[in-house]
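Here is a short report on one protein chain.

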Amino acid sequence: MADKILKIVLAVLASFGGISGIFYLVVKKSSEIIAERLKKKYDLKLNEELERYKANIDNKIYISKTKFDAEFDIYRRLSKVFFDLVKNISILIPAGVVYLPVDQEKQRQLDNENYLAAKKSYIIAQVELISNAPFIPERFYNEYKNIQKLCKEQLDEFDLRSIPSLSTQEEKETISKDARKITTDINVKFKNLNNEIREYLNSLDVID
């Protein structure tokens, strides 16, 4: 029996050319293993790409071009009026200490101008937000409203110190640290809101 098996093995080796046949079998088997591993790796990568693509599709919001243009215009206008509001509030009550010039009379005039500018921009931003409230997501409306509320607190803070004008640096410095911090918070919230709206607009896919 053993002789028969040996003869069969020898016959197989002979058919592949002896040692070279063995080498061929080893290389062939190794190639098959490598190919199988590469295929699994490729399939895994392909599946990952497919999942990312599907997730991207799921995250997309499809709207008509007309609706997109209208919504984009609303955000453009809100961004403009709220930028003016945040800028004027930041001038009115700066985040840091501001040292006044020697000419107190000119400073009174400047304080008055800054106060009136901030108050005007507050009203404009309020009207723009309320008039567009039905056409934007509720979360954006609430965030704009929160910024507006903080800006109103700053106007009230200025009023409580017999504004529109402050006559001395000492009076100017009576503006509390909390009020200055609110100015910082307003700027941070406005920046974050702009980033959220930018991401939201990027998630929209326009259908012609």
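Is Ser 64 buried, partly exposed or exposed? Ser 64 is partly exposed because its relative accessible area is 36%. The classes are buried (under 20% relative accessible area), exposed (over 50%) and partly exposed in between, with a 1.4 Å probe and protein chains only.

The model is predicted: local features need pLDDT of at least 70, side-chain atom pairs count only at pLDDT 80 or more, and totals for chains, interfaces and linings use all residues. Residues are numbered from 1 along each chain as its sequence is written, and side-chain values use heavy atoms, with hydrogens and water left out.

**Fold**

The chain holds 7 helices and 2 strands. These are DSSP runs numbered from the N terminus: helices are H or I with at least four residues, strands are E with at least two. Read from the N terminus, the order is α-α-β-α-α-α-α-α-β. Of the 208 residues in the chain, 28% are buried. Take the contacts (heavy atoms within 4.5 Å) between residues at least 6 apart in sequence. Of these, 84% join residues at least 24 apart.

Ser 64 belongs to strand 1 (residues 61-64).

Glu 128 counts as buried because its relative accessibility is 16%. Asn 114 counts as buried because its relative accessibility is 17%.

| Residue | Relative accessible area | Contacts |
|---|---|---|
| Ser 64 | 36% | Val 206, Ile 207 |
| Asn 114 | 17% | Ile 91, Leu 92 |
| Glu 128 | 16% | Arg 77, Leu 78, Val 81 |

**Core**

The largest nonpolar core has 34 residues. Such a core is a set of buried Ala, Val, Leu, Ile, Met, Phe, Trp, Tyr and Cys residues joined through side-chain atoms within 4.5 Å. Phe 82, Tyr 144, Ile 147 and Ile 186 touch the most other members of the largest nonpolar core. Helix 3 gives the largest share, 10 residues.

Ile 186 has contacts beyond its neighbours within four places in sequence. They are Val 86, Ile 89, Ile 147, Leu 150, Cys 151 and Gln 154.

**Surface and pocket**

The accessible surface of the chain is about 14100 Å², and carbon and sulfur atoms account for 61% of this. The area comes from the Shrake-Rupley method with a 1.4 Å probe.

How big is the volume of the largest pocket? The value is about 160 Å³. A pocket is an open set of points on a 1 Å grid over the protein atoms alone, with protein on both sides within 12 Å along at least five of seven lines; lining residues have an atom within 4 Å of a point. The lining consists of Phe 72, Tyr 75, Arg 76, Ser 79, Tyr 144, Asn 194, Ile 197, Arg 198 and Leu 201. Helix 3 (65-92) and helix 7 (177-202) each supply at least two of the lining residues. By class, the lining has 5 nonpolar, 2 polar and 2 charged residues.

Key. On a 1 Å grid over the protein atoms alone, a cavity is a set of points where a 1.4 Å probe fits but cannot get out, and a pocket is an open set with protein on both sides within 12 Å along at least five of seven lines; lining residues have an atom within 4 Å of a point. Grid points are joined across faces, edges and corners, and a volume is the space filled by probe spheres set on the points. Ala, Val, Leu, Ile, Met, Phe, Trp, Tyr, Cys and Pro count as nonpolar, Asp, Glu, Lys and Arg as charged, and the others, Gly among them, as polar.
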